[in-house]
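Please take a moment with the sequence and the model shown below.

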Amino acid sequence: MLSPGSPGKPGTGPRPNPGASCKVVESGHIPPHSEHSMSSSIHVGKLEAIYTKRMRGGQMDPRSSVALKAGSGIVGSPDQGGKRQVTLIDKAVWEQLMAEVGADLPPSARRANLLVSGIDLKETRERVLRVAGCRLKVWGETRPCEQMDAAVPGLTAAMRRDWGGGVFD
């Protein structure tokens, strides 16, 4: 998941240095783009917020920083080592979704780990995002679960369009 080197298979992340870890701090810059495409331009975004949960299905807590471990995800997370080790959502997309469903929930309600701005996460499968010196390979779109409709009726359907649920590493 997070280490210098090449990507592994989905859900496992790169493993050239499985003991590697890096610290992600809030308000870092994120230059994303596929490292496989020489013609890709680089876009710089911003890490707006970090959230972790105490247990599966549990409340999301804001953090000023987290430690990330290659092939495992966020250290101490109940999702560490799982398929979706780190999840990201775009702040502008979240604000658009809130307007669409007529709600004003905080971004932590999405249950994503990293809130970013300035980056279009749509169709970024197989691309690499760099966050404070760490690499996050986007394996795919994060599909919203029933907890989204429990928060606001209609939110699940709104999030299923155009990668509105964000992405996962």
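**A guided reading of the model**

Of the 169 residues of the protein, 47% count as buried, where buried means under 20% relative accessible area, exposed over 50%, and partly exposed in between, with a 1.4 Å probe and protein chains only. This is a predicted model, in which local features need pLDDT of at least 70 and side-chain atom pairs count only at pLDDT 80 or more, whereas totals for chains, interfaces and linings use all residues. Residues are numbered from 1 along each chain as its sequence is written, and side-chain values use heavy atoms, with hydrogens and water left out.

The protein holds 3 helices and 12 strands; helices (H or I, at least four residues) and strands (E, at least two) are DSSP runs, numbered from the N terminus. Among contacts with a separation of 6 or more, 63% come from residues 24 or more positions apart, a contact being heavy atoms within 4.5 Å.

In soluble globular proteins, nonpolar side chains tend to be buried together. A nonpolar core here is a set of buried Ala, Val, Leu, Ile, Met, Phe, Trp, Tyr and Cys residues joined through side-chain atoms within 4.5 Å. The largest such core has 18 residues, and V86, L88, L114, L121 and L136 are those with the most contacts inside it. Two or more residues of this core are given by each of β3 (45-53), β5 (65-69), β8 (114-117), β9 and β10. Leaving aside neighbours within four places in sequence, L121 is in contact with L88, I89, D90, V116, L129, W163 and V167.

Strand β9 (residues 128-131) pairs with strand β10 (residues 134-137) in the antiparallel sense over 4 bridges, two strands being paired if DSSP finds at least two bridges between them. V131 has C134 as its bridge partner in β10.

The pockets come next. On a 1 Å grid over the protein atoms alone, a pocket is an open set of points where a 1.4 Å probe fits, with protein on both sides within 12 Å along at least five of seven lines, and lining residues have an atom within 4 Å of a point. The largest pocket holds about 330 Å³ of space, a volume being the space filled by probe spheres set on the points, which are joined across faces, edges and corners. Its lining has 18 residues, of which K53, D79, R84, T87 and R111 lie nearest the centre.

The second largest pocket, with about 230 Å³ of space, is lined by 15 residues, of which V93, Q96, R161, D162 and G164 lie nearest its centre. Two or more lining residues come from each of β7 (87-90) and α1 (91-101), and α1 gives the largest share, 4 residues.

R161, one of the residues nearest the centre of that second pocket, lies in the loop between α3 (155-159) and β12 (167-168). R161 is partly exposed, with a relative accessible area of 42%, and its C-alpha atom is separated by 9.7 Å from that of R143, 18 residues apart along the chain.

Q147, found in helix α2 (residues 146-151), is also partly exposed, with a relative accessible area of 30%. Leaving aside neighbours within four places in sequence, Q147 is in contact with G57 and R111. The C-alpha atoms of Q147 and G57, 90 residues apart along the chain, are separated by 8.6 Å.
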